[in-house]
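Hello,

Here is the model we talked about. Please look it over before you read my notes.

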Amino acid sequence: MTTAERTEAEHGTGPDAGLAPLAVPAARAEGCPFDPAPGVERARREEPIARATLWDGSACWLVTRHQDVREVLGDPRFSADATRPGFPFLTAGGRELATVKPTFIRQDDPEHARLRRMLTADFMVKKVEAMRPEVQRLTDDLLDRMTTGRNSADLVAEFALPLPSLVICLLLGVPYDDHEFFQERSSLLLSLRSTAEEVRGAQEDLRRYLTRLAESKRSAPDDGIVSRLVARGDLDDEEIASMGRLLLIAGHETTANMTALSTLALLRNPDQLKRLRADPSLIKGAVEELLRYLTIVHNGLPRVATEEVTVGGRTIRAGEGVLCTLNSANRDDGVFPGGDALDVGRDARRHVAFGFGVHQCLGQPLARVELQIAVETLLRRLPDLRLAIPFEDVRFRHDMGIYGVHALPVAW
Amino acid sequence: MRVHIDQEKCCGAGSCVLSAPEVFDQREEDGIVVLLDAEPPAGLHDAVHEAVAICPAAAISVEQADRAGRV
């Protein structure tokens with residue numbers, strides 16, 4: 001039986017049920033690196049709840065429209081628990097990770113809420129806003145170092161990655177000196193190409209590192225999150241380690257890629273760059289628009305139905321997996337007219353770049369502050385910023401769960 | 001307009017505070033939503049509607065006033 005036939009058999013749909021199942025993660029088109037995969041875009045226009053086939057031949061539903069994505073992610077009948085049968089894994093590595101004790105990102109309420117609420121205070125708006133001077137200082141230091149005596153650099157290695165890395169290390173109480181160690185592991189955990197063995201190894205390295213760190217905070221506490229979780233006394237070191245790992249990875253790859261990709265998107269849209277430079281007060285809205293337009297969680301969020309649910313006119317049965325593609329939802333013309341264009345003056349606040357529902361990104365206030373400061377400062381301090389290689393030579397992260405660029409050589 | 005919040009549903013994402021800081025805040029100890037003004041003035045209604053629309057946990061709801069201004 002072919003994959004397509006198997007998908008059809010599992011869903012019991014007839015030959016006239018619509019388009020052939022789309023293979024996901026779907027590849028983006030050459031030459032349009034900021035746009036979602038053409039197949040996903042077509043699904044949104046023609047068959048919003050579409051059949052899809054995953055890498056291992058298993059079937060799932062692809063949810064592509066803004067309203068439907070919000071409905072699924074906001075509905076507790078769709079579970080984030082990867083140990084449930086039918087949960088759609090995007091990679092072999094993802095399936096491997098589901099065999100270890102999950103963090104709250106892969107748990108449902110009430111357990112999810114109990115664990116998440118141990119961290120919400122650390123990322124609340126007021127607390128994060130108070131960090132602005134510190135984030136600004138780190139940003140200026142990095143740019144001083146990058147620009148002193150030189151007129152070109154890799155923006156990823158020297159600015160976009162170190163900034164969120166320094167901030168999350170500070171927040172967690174993790175020594176930044178170890179950054180190469182956890183950046184490498186973090187990369188392996190998020191690569192779509194990693195084997196199950198590589199994922200298991202990286203996961204085990206981080207678990208050991210963070211368990212040791214939690215132990216050390218018991219005798220020498222600081223004011224970081226790891227120390228506070230230790231002081232609470234209601235989690236064991238293993239649980240603290242898995243929360244720390246989640247925050248460390250999430251804090252590294254997301255803002256770093258948004259910073260570099262935002263810079264590139266602005267350089268490719270000189271009219272928008274000019275508008276933003278002319279009126280820096282646009283920065284908050286511009287960051288929301290960049291989050292919408294770029295949507296770096298580019299393969300979507302997986303869920304599995306725990307009972308029969310109707311979404312967008314389709315019945316999804318208990319045990320069937322769904323994949324909510326955030327990037328296509330964020331290009332939905334019904335919500336964001338002319339959504340395929342970057343418009344720094346647009347009201348983009350309804351985007352779902354941080355997800356939706358109770359799992360929506362915990363670190364979003366921090367991501368916003370970091371992005372606003374990083375982009376504004378970069379444009380202000382480097383008025384002649386430009387790409388130092390042909391656009392065609394930029395290496396995009398098609399192979400990673402978090403989209404972006406592997407390197408961004410720039411000059412000024 | 002009368003605003004209602006459901007602290008049980010709140011996941012502490014903080015998007016309401018960014019939309020309407022005059023109406024919403026977060027509790028110091030756990031980041032859960034706190035209502036500062038249950039009957040905000042008309043000038044803030046758009047911001048409150050935005051907060052309702054973007055709240056990921058559907059923890060905010062509003063009742064509109066009738067013609068006599070009663071909620």
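Below are notes on the contact between the chains and on the salt bridges.

This is a predicted model, where local features need pLDDT of at least 70, side-chain atom pairs count only at pLDDT 80 or more, and totals for chains, interfaces and linings use all residues. Residues are numbered from 1 along each chain as its sequence is written, chains are lettered from A and ligands numbered from 1 in the order written, and side-chain values use heavy atoms, without hydrogens and water.

First, the interface. Chain B puts 26 residues into the contact and chain A puts in 18 (heavy atoms within 4.5 Å). Together they bury about 1800 Å², 50% of it on carbon and sulfur atoms (accessible area, 1.4 Å probe, lost on being put together and summed over both parts). B:Cys11, B:Leu18 and B:Pro56 supply 27% of what chain B buries against chain A, more than any other three residues.

There are 2 salt bridges between chain B and chain A (a side-chain nitrogen of Lys or Arg within 4 Å of a carboxyl oxygen of Asp or Glu). B:Glu50 pairs with A:Arg349 at 3.5 Å, N to O. B:Asp25 pairs with A:Lys126 at 2.9 Å, N to O. B:Asp25 is buried at 18% relative accessible area, while A:Lys126 is partly exposed at 42% (buried is under 20%, exposed over 50%, partly exposed in between; 1.4 Å probe, protein chains only).

Next, chain A. A:Glu41 and A:Arg44 form a salt bridge, with the closest N and O atoms 2.6 Å apart. A:Glu41 is buried at 8%, and A:Arg44 is buried at 4%.

Regards

How values were computed: Buried area is the accessible area (1.4 Å probe) that two parts lose on being put together, summed over both.
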